[in-house]
Amino acid sequence: AVFPPVPFRIGQATFSSGPEMSSTRYGLGAVVFPENGDVLIVGGESEDDEVLSSTELFDLETETFSPGPKMESERLYCGTAVLEDGRVVVVGGYNGTILSTSEVLSPASNTWSPGPTMVSARFGCAALPLSSSRTLVIGGRSDIIDGSNLSTTEVIDLTSGASTPGSEMSCPRSSCAAIMLHDGRV
């Protein structure tokens, strides 16, 4: 669906069909580039049950999808964040194994490179940019079979190349979302 221009008002909005992506996928990650409003779609699973490493870019101006750069790993239910400098961080996910890896897309070269390894393997997590080099990773699941939701967080730092444990949440959660409030709270 294509959303109406801001301001969005509940009860006054209408939705219309948008363009179709090149490949049908679910369990994908997505980020909006703040400088132009374009949307990067990453990973997910195809209708043929194939976990994807492909990406697609939605051009807001032309309202069309085009292929983006392939990630190094297939990822389903990964966390995604776009940093202040335009780099995209993709964390965790599932591809037959629960992943603790991350990848970073450089907008200058349009290529992916390995990022820091997380403290905990997780999928269904949320990711939130904290600065030009740091990303907060929140919750997720650590086990496919028993459904262990995580209450842990960690901070990935692209400058140091490390991931460190963050604050524990009051309750476990997965398939969640996170936003930064104006006062800096998450």
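Glu47 lies in the loop between strand 4 (45–46) and strand 5 (55–59); strands (E, at least two residues) are DSSP runs, numbered from the N terminus. The structure is a predicted model, in which local features need pLDDT of at least 70 and side-chain atom pairs count only at pLDDT 80 or more, while totals for chains, interfaces and linings use all residues. Residues are numbered from 1 along each chain as its sequence is written, and side-chain values use heavy atoms, with hydrogens and water left out.

Glu47 counts as exposed because its relative accessibility is 61%. Here exposed means over 50% relative accessible area, buried means under 20%, and partly exposed covers the range in between (1.4 Å probe, protein chains only). Together with Asp48, Asp49, Glu50 and Glu74, Glu47 forms a negative surface patch. The residues of a patch have over 30% relative accessible area and no salt bridge, and like charges are joined within 9 Å. Asp and Glu are counted as negative, and the place of the charge is taken as CG of Asp or CD of Glu.

Strand 5 also takes part in strand pairing, for which DSSP must find at least two bridges between two strands. Strand 3 (residues 39–42) pairs with strand 5 in the antiparallel sense over four bridges, and within this pair Leu40 stands opposite Leu57 of strand 5. Strand 5 is likewise joined to strand 6 by four bridges, and these two strands run antiparallel. Asp59 has Thr64 in strand 6 as its bridge partner. The hairpin of strand 5 and strand 6 has four residues between the strands, and in this hairpin Glu63 takes a positive phi near 55°.

The phi of Tyr77 is near 55°, which is a positive value in a residue other than glycine. Tyr77 is classed as partly exposed because its relative accessible area is 34%. Ser73 lies in the loop between strand 6 and strand 7 as well. With a relative accessible area of 21%, Ser73 is partly exposed. The C-alpha atoms of Ser73 and Ser102 are separated by 9.2 Å, although the two residues are 29 residues apart along the chain.

A salt bridge is taken as a side-chain nitrogen of Lys or Arg within 4 Å of a carboxyl oxygen of Asp or Glu. By this rule, the count comes to five salt bridges. One of them is formed by Glu103 and Arg75, whose closest N and O atoms are 3.0 Å apart. This pair links distant parts of the chain, since Glu103 is in strand 9 (residues 102–106) and Arg75 is in the loop between strand 6 and strand 7, 28 residues apart. Glu103 is buried, with a relative accessible area of 2%, and Arg75 is buried with a relative accessible area of 0%.

A salt bridge also joins the side chains of Arg122 and Glu154, at 2.9 Å from N to O. Distant parts of the chain are linked by this pair: Arg122 is in the loop between strand 10 (111–114) and strand 11 (126–129), and Glu154 is in strand 13, 32 residues apart. Arg122 is buried, its relative accessible area being 0%. Glu154 counts as buried at 1% relative accessibility. In a further salt bridge, the closest N and O atoms of Arg185 and Asp183 are 2.8 Å apart. Arg185 and Asp183 are both exposed.

Glu154 also has a place in strand pairing, where it stands opposite Pro165 in strand 14. Strand 13 (residues 153–157) and strand 14 run antiparallel and are joined by four bridges. Four residues lie between the strands in the hairpin of strand 13 and strand 14, where Gly161 takes a positive phi near 75°.

The segment after strand 14 (162–165) includes Ser175. The phi of Ser175 is near 50°, a positive value in a residue other than glycine. Ser175 is exposed, as its relative accessible area is 65%. Ile179 is also placed in the segment after strand 14. At 59% relative accessibility, Ile179 counts as exposed. Ile179 and Pro129 are 50 residues apart in sequence, and their C-alpha atoms are 9.2 Å apart in space.

Conventions
Patches are made of residues with over 30% relative accessible area and no salt bridge: like charges are joined within 9 Å, nonpolar side chains (Val, Leu, Ile, Met, Phe, Trp, Tyr) within 5 Å. Accessible areas come from the Shrake-Rupley method with a 1.4 Å probe; for residues, only the protein chains shown count as cover.
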